[in-house]
Amino acid sequence: MTKEMDMMEQFQQYVDGENKVEPKHWMPEAYRKTLIRQISQHAHSEVVGMLPEANWITRAPSLRRKVALLAKVQDEAGHGLYLYSAAETLAADRKDMIDDLLSGKAKYSSIFNYPTPTWADIGAIGWLVDGAAIANQVMLCRTSYGPYARAMVKICKEESFHQRQGYEIMMTLAKGSPEQKKMAQDALNRWWWPSLMMFGPTDEHSPNSAQSMKWKIKRKSNDELREEFIDKTVPQAEYLNLTIPDKDLKWNEDRQSYDHGEIDWDEFYNVIKGRGKCNKQRMAARNKAHEEGAWVREAANAYAEKQEARKQKQKGAA
């Protein structure tokens, strides 16, 4: 057995023992690259995810809704920062990650390439999109890489607030006037299937899942998480007296889980490839913000350099 093979075996045993991998530890290069890809895509999704909701901050129907939505968007920015920082512990360069996002090389969650034409979309995003995110992310609190797992503990706490906020909006609309209930149902119709796509392709078409689960980066498969989300969400829709837009949805007594209709994977891959309704709009907005924020980055760097020069001068004088 070669030295590298021996180290790989020891690494797997360490992970199998439910131990956390830390930046100072030896790790397979493929493990490091997998984490950088996953964590950076997660960070990009948080940052791009601010755009559909920020569109409604100035148009929220009350001051209370405005403040809550503003807090949520601010949370998403913070989540992106936590995750970029976690990726940096793997020797990833933040500038490179952001450049990859702005150039279109890096991917982010397909869900954020859909428009938000009504206030009900903000409720649907909180209820469904953040609900799906929580299903995905709770297991990441137990991921094998320590910095990622610790970042996810705080993120999941805040995402649960976002999910409750969205469900409250949907409840208010569903119990309101006929026009408001129709608005809520329309938002559910448009966001249901994209939310199911958030979990990624079916297990047989997800080439990275098996290895990620072996390394305990992931704890559950895409299909397992999708089924758990459906099972939790259907009763919530029934409570709202809203209809899930799936004629094939039915309870399976043998599996104690819901069977559901076929997902339109052609739509999913089209959005991933940049042909979604808002792909170009989202990237244009991110590039514009990056360019207009250049002076802030330059000022911060100049200040840091000035402080470092002052510190070195004081050391020399001492």
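Which side chain of opposite charge is nearest to Arg286, and how far away is it? In this predicted model, the nearest is Glu292, at 9.8 Å. Arg286 is buried yet has no salt bridge, because a salt bridge needs a side-chain nitrogen of Lys or Arg within 4 Å of a carboxyl oxygen of Asp or Glu. The residue belongs to helix 12, which covers residues 279-292. Leaving aside residues up to four places away in sequence, Arg286 touches Val47, Val48, Leu51 and Leu102.

Other charged side chains do find partners. The whole structure holds 19 salt bridges. In one of them, Lys216 and Glu18 meet with an N to O distance of 3.8 Å. Lys216 sits in the loop between helix 9 and helix 10, and Glu18 in the loop between helix 1 (3-16) and helix 2, so this pair ties together parts that are 198 residues apart in sequence.

Glu22 is buried, at 18% relative accessible area.

A further salt bridge joins Lys72 to Glu53, with 2.4 Å between the closest N and O atoms. Lys72 lies in helix 4 and Glu53 in helix 3 (residues 50-54), so the pair ties together parts that are 19 residues apart in sequence. Lys72 is buried at 1% relative accessibility, and Glu53 is buried as well, with a relative accessible area of 2%.

The largest pocket contains about 1,100 Å³. It is lined by 41 residues, of which Gln41, Asn136, Met198, Phe199 and Gly200 are the closest to its centre. The elements giving two or more residues to this lining are helix 2 (29-48), helix 4 (63-88), helix 6 (119-138), helix 7 (146-174), helix 9 (209-214), helix 10 (222-240) and helix 11 (265-275). By class, the lining residues of the largest pocket comprise 16 nonpolar, 16 polar and nine charged.

Definitions and conventions
Residues are numbered from 1 along each chain as its sequence is written. This is a predicted model: local features need pLDDT of at least 70, side-chain atom pairs count only at pLDDT 80 or more; totals for chains, interfaces and linings use all residues. Side-chain values use heavy atoms; hydrogens and water are left out. Helices (H or I, at least four residues) and strands (E, at least two) are DSSP runs, numbered from the N terminus. Buried means under 20% relative accessible area, exposed over 50%, partly exposed in between (1.4 Å probe, protein chains only). Lys and Arg count as positive and Asp and Glu as negative; His and the chain ends are not counted. Contact means heavy atoms within 4.5 Å. On a 1 Å grid over the protein atoms alone, a cavity is a set of points where a 1.4 Å probe fits but cannot get out, and a pocket is an open set with protein on both sides within 12 Å along at least five of seven lines; lining residues have an atom within 4 Å of a point. Grid points are joined across faces, edges and corners, and a volume is the space filled by probe spheres set on the points. Ala, Val, Leu, Ile, Met, Phe, Trp, Tyr, Cys and Pro count as nonpolar, Asp, Glu, Lys and Arg as charged, and the others, Gly among them, as polar.
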